[in-house]
Structures are given as structure tokens and as C-alpha cells.
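I am opening a notebook on a structure that is new to me. The entries below say what I looked up and what I found.

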Amino acid sequence: MHVAIPLYPRFTALDAVGPYTVLAFAPGWRVTFVAPETGPVLDDRGTLTLTAAARLADLPRPDMILVPGGVGTLDALSDPALVGWIAAAHEHARWTTSVCSGSFLLGAAGVLRGRRATTHWGFLDRLAEFGAEPVSERVVADGTVVTAAGVSAGIDMALTLLAEAADPTTAQAVQLAIEYDPRPPFGAGSPKTAPAGLAERALSLIG
């Protein structure tokens, strides 16, 4: 299984690296970071780069597309090379997926029209602009299109996909190998459980 993760300026690192780590650990799976041109791509904090090892044109038909989100998503929506690649690759991919605001890029490529989908809780309602049905769940599968909620949800999505595409035992083995056993110190990971007034502060950290 060959997975392509397209990078663009100001993507969120964990959106890409979380699923990458899960899927790259899976036997027989290969994950490639792609971009319009090869080379380093800077994340949304301005302090970390990932290297695109291949150009979008070099990998037109990956088995799986995994689009990260980030504050650079809005600019990326007007990138015809990236959006066009997603639309064309989707026609042949076994899975087309996104993490966080990466779902907006799927929407711009016409992938979400008439489908259930999710994204970061702060922007969930905007999915309707792309003809999608917004769903407040951590991972949402609608046919061959799978979307994850904000940032860390990409790890859950990758494990879900691995169980479906390979088998549950493989997914569980990878989960154990990376010791993904989250026990956060606070119950503030969802707007439903976070203290009052925290949502505004959280959203200010994103922009």
C-alpha cells in the first residue's frame, strides 16, 4: 500500500506525522511526502520542516491520499496544482483521507459533495460550503473517503484505516509498537468537556 501525504506551506506537523508514523510502521506499507516540488516544506509554527521526497506529478495514482490541515489550508485552497492533484488522484485511490482542515482541500477538489465528513471542531460547520454533511465525530468514513477531526485524531484515523485495509491484528500491533495509550492529564480535549471560556483561547492558538 503506497500512501501519499501532500505537503504545503504552514501545514500542521502532527496532522502529517501522526498518521505517517502509524502507517509507516505497518509491514508492506510505504508513505511518501509529496509537494509541487521536492524539498523542505515549513510547518505552521515556522520552526519545523518536512521534506517532500517526490513531486505531485511523480505520484499521480497513490493507493491512499492523506491530506493534513493547518493554518496554510486557506492559501492552499487556491493552489490549482494541489487541488487538481487531489481530484485526479481520488479517482484511482483506494482511500482518500484528511486530517483536521485538510478536509477543506478534499472539499475544494469536489471529493466531499454529498458525503458525511468531519474536521476540527472550530470549523466543522464550514464543511457544508463544500456540499458535505458535517458530523461531529473523531473519525468519519463515507465510502472510500475518510476524514478525521482535529490534529491528534489523525492517529486514530490511521489505525482505523490500517485495520480496514490490512486487519485489526496488524493495527493493534502497530498501536502497541508505538505505545499509543493516551491518558491526557486534563479532560479538555473536546469543547463538550473543556472548561467554560477555553474554546476562544484554543482557537486563538490556531490562527
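**Notebook entries**

I began with His 120, whose side chain reaches the backbone nitrogen of Gly 122 at 2.9 Å. The model is a predicted one, and I read every value with that in mind. I then looked up where His 120 sits, and found it in the loop between strand S8 (116-117) and strand S9 (133-134). Is His 120 buried or exposed? Its relative accessibility is 9%, and under 20% counts as buried, so His 120 is buried.

**Entry: the annotated domain**

I checked the UniProt record next. An unreviewed entry there carries the annotation "domain: DJ-1/PfpI", which covers residues 2-163. Over residues 2-163 I noted 28% helix and 26% strand.

**Entry: helix H3**

I went through helix H3, which spans residues 80-90, and listed its buried residues. They are Leu 82, Val 83, Trp 85, Ile 86, Ala 89 and His 90.

At the N-terminal end of H3 I found a cap, Asp 79. A side-chain oxygen of Asp 79 lies 3.0 Å from the backbone nitrogen of Ala 81.

I also took a separate look at His 90, which is found in H3. His 90 has a relative accessible area of 16%, and is therefore buried. Which residue does the side chain of His 90 join in a polar contact? The partner is the side chain of Thr 96, at 2.7 Å.

**Entry: helices H1 and H5**

I compared the directions of helix H1 (residues 13-25) and helix H5 (residues 153-165). The two pack at an angle of about 30°, and their axes are 8 Å apart. Angles under 35 degrees count as roughly parallel, so H1 is roughly parallel to H5. I recorded the crossing of H1 and H5 as right-handed.

Within H5 I picked out Ile 155. Ile 155 is buried, since its relative accessible area is 15%. I then looked up the separation between Ile 155 and Val 71, which are 84 residues apart along the chain. Their C-alpha atoms are separated by 19 Å.

**Entry: Thr 144**

Thr 144 has its place in the loop between strand S10 (139-142) and strand S11 (145-148). With a relative accessibility of 33%, Thr 144 counts as partly exposed. How far apart are the C-alpha atoms of Thr 144 and Met 64? They are separated by 9.6 Å, while the two residues are 80 residues apart along the chain.

**Entry: positive phi values**

I ended with backbone angles. Most residues other than glycine have a negative phi. I noted Arg 10 on that account, as its phi is near 70°, a positive value. Arg 10 lies in the loop between strand S1 (2-6) and H1.

I found Glu 179 in the loop between helix H6 (168-177) and helix H7 (198-206). Is Glu 179 buried or exposed? Its relative accessibility is 68%, and over 50% counts as exposed, so Glu 179 is exposed.

How values were computed:
Residues numbered from 1 in each chain as written. Heavy atoms only, no water. UniProt positions renumbered as here; feature names shortened; annotations may be inferred. Helix = DSSP H or I, 4+ residues; strand = E, 2+ residues; numbered from the N terminus. Buried < 20%, exposed > 50% of the residue type's maximum accessible area, 1.4 Å probe, protein only. Polar contact = N/O pair within 3.5 Å; in protein donor to acceptor, adjacent residues only side chain to side chain. Axes fitted to C-alpha atoms, helices over the stretch in contact; angles between N-to-C directions. Parallel < 35°, antiparallel > 145°, perpendicular 65-115°, else oblique. Left-handed = near helix turned anticlockwise from the far one by under 90°.
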